[in-house]
Amino acid sequence: MAIVLSIDNLSKKYGSLTAVDQLTLQVEEGSVYGLLGPNGSGKTTTLGMVLDVIRPSSGSFSWFGEGISKATKHRIGALLETPNFYPYLTAKRNLQVIADIKGADHHNINKTLDLVGLATRSNTTFKGFSLGMKQRLALAAALLNDPEVLVLDEPTNGLDPQGIAEVRDLILRIADQGKTIILASHLLDEVEKVCTHVAVLRTGKLVTNGPVGNILSAKEQLIVSADELAPVLQLLERLPYVAQFNQEKDYVIITLQEGYSSTDLNRDMFAQGIVLSQLVARRKSLEKQFLEIIKS
Amino acid sequence: MNLLRTEFRKIAPYRTFWVILGIYVLLMLLILYSSTSVEINGKALGNETYQFPGLWMRLTYIAHFFNLLLGILVIVLVTDEYSYRTIRQQVIDGLSRAEVVLSKFYMVVTLAVFSTVFLLALGLYFGLLYSSDKSINSMFSQVDYLSYYFVQAVAYMSLAMFFAFLIRKSGLAIIAFIAYTKIIEPLIHFKLPDTLDKYFPMKALDSLTPMPGQEIFDQLTSPVEQLSPAWAALPSLLYIGLFLLLTYLLLKIRDL
């Protein structure tokens, strides 16, 4: 897979504060890459640097294997923090200004407004828009040039549940077209629902990164009980893929190693003549995992 | 030129822009209508104002006071880009920093062309109406004052543009611009000999539109040494280049 964005030892210091600390990561073509971290963890600063509006203190990055230039910028659609438009211009005129700058075909404007559900409001001035509409107009602006890569910074911020669902749906639809999406979010749930890869940031440092499945969903917990717990405990000690187990009252909580599931455990138990009266697979709460990741 | 077209897209429906420009036009008209009673050096001008070819000098001298308004207009246009954060978005979308500066400079030149053409129209109108000598020769013999005025307007607005990019907040930028042009530099002039301060930005720019009747004034007091308009054009052009360069460097160094 081709590398769309490569970040190498990128740092940004504001005086004594290090907003981004020696960040290194790569985004592959076709992935939906989540930058996950609490507020103030350096997500926006990182995106600002790779989008050419914040000067890195040190380190480097490249888009499509090249430095950033007008040509590479035209292959990227990005929205950083808030939707930025002229309040006194209509939605359509705002997009005309952006189409000029992106060198985009002005015929795309109506099509894109339609895509984000603003076709009927194209002649409303930006200041008359609700937050959700502003966010959707920003998405339209990012999509105007039919870019290969979408960079979205908290795209569902401030939206109501329906708006959030719509935006996520739109992101997934765009990802289905084979486009690369880089998404910064402090919402774990969002990253888990939308992304294929994730990098977790904390105070400017990369804590961990990889496919979402490995980082966020690998640790499944199983709860088992049986009429007789003793043979169960004996077997658990011998099974190589059991990472950890704890007995609680009349059930056992088990954590399996990566790549194994409740099926494996159930099969082995049955093979040993143990019949479980209960087998529940429980995902460790995502919030809990997230907090563990950023604390460790 | 595409940059200029985009600028026009932004300002066409922008009421603030047209209001400021309208005020400029109205004030110029008002001043010219009433300038028969304006006294320069204790002498009422009367119909003297409208006589070719001295009219061009008087006209550009009056107009130069209103460069302040044009400067404020430019400051509003630039600081808007910061308060709406559109400058950031536009750099993300593909503008280079040089293009950001150029697009505003094109606007500056456009405004200067507008005000120069406006002055030409005003001059011709009032001159043809009131001047006793309407020969082509006398009409246009001193029309070169308009070109000096053009340079001056561009330079004033370039300085305003620099202050706007430097300070980023409209109110503060306007105050800084007025404070520098009207207070700080004149104070520096006080301290320095004329031979030196005649090359300072404001003094060089003001020399482009000299005060009518300066000669009489000089006879009464010790003469003020200043550059002739033609000579002042050279440092003025250099200052325009300097303001543009400083603005560009500012954008280059700072985060958006």
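# A tour of chains A and B

Start with chain A, where the domain assignment gives domain 1 (3-216) and domain 2 (220-295); such bounds come from an automatic or database domain assignment. The C-alpha centres of these two domains of chain A lie 40 Å apart.

This is a predicted model, in which local features need pLDDT of at least 70, side-chain atom pairs count only at pLDDT 80 or more, and totals for chains, interfaces and linings use all residues. Residues are numbered from 1 along each chain as its sequence is written, chains are lettered from A and ligands numbered from 1 in the order in which they are written, and side-chain values use heavy atoms, leaving out hydrogens and water.

Next, select Val50(A), Leu51(A), Trp63(A), Val151(A), Phe17(B) and Phe165(B). They touch the most other members of the largest nonpolar core, which has 113 residues. A nonpolar core is a set of buried Ala, Val, Leu, Ile, Met, Phe, Trp, Tyr and Cys residues joined through side-chain atoms within 4.5 Å. Buried means under 20% relative accessible area, exposed over 50%, partly exposed in between (1.4 Å probe, protein chains only). Helix α8 (residues 144-167) of chain B gives the most to this core: 17 residues. Helices are DSSP runs (H or I, at least four residues), numbered from the N terminus. Apart from this core lies another, of 45 residues, including Leu113(A) and Phe290(A).

Now go to helix α2 (residues 15-34) of chain B and pick Leu29(B). Leu29(B) is partly exposed, at 27% relative accessible area. Beyond four places in sequence, Leu29(B) is in contact (heavy atoms within 4.5 Å) with Phe118(B) and Leu122(B). Leu29(B) and Leu122(B) are 93 residues apart in sequence, yet 8.0 Å apart in space, C-alpha to C-alpha.

Conventions: Helices (H or I, at least four residues) and strands (E, at least two) are DSSP runs, numbered from the N terminus.
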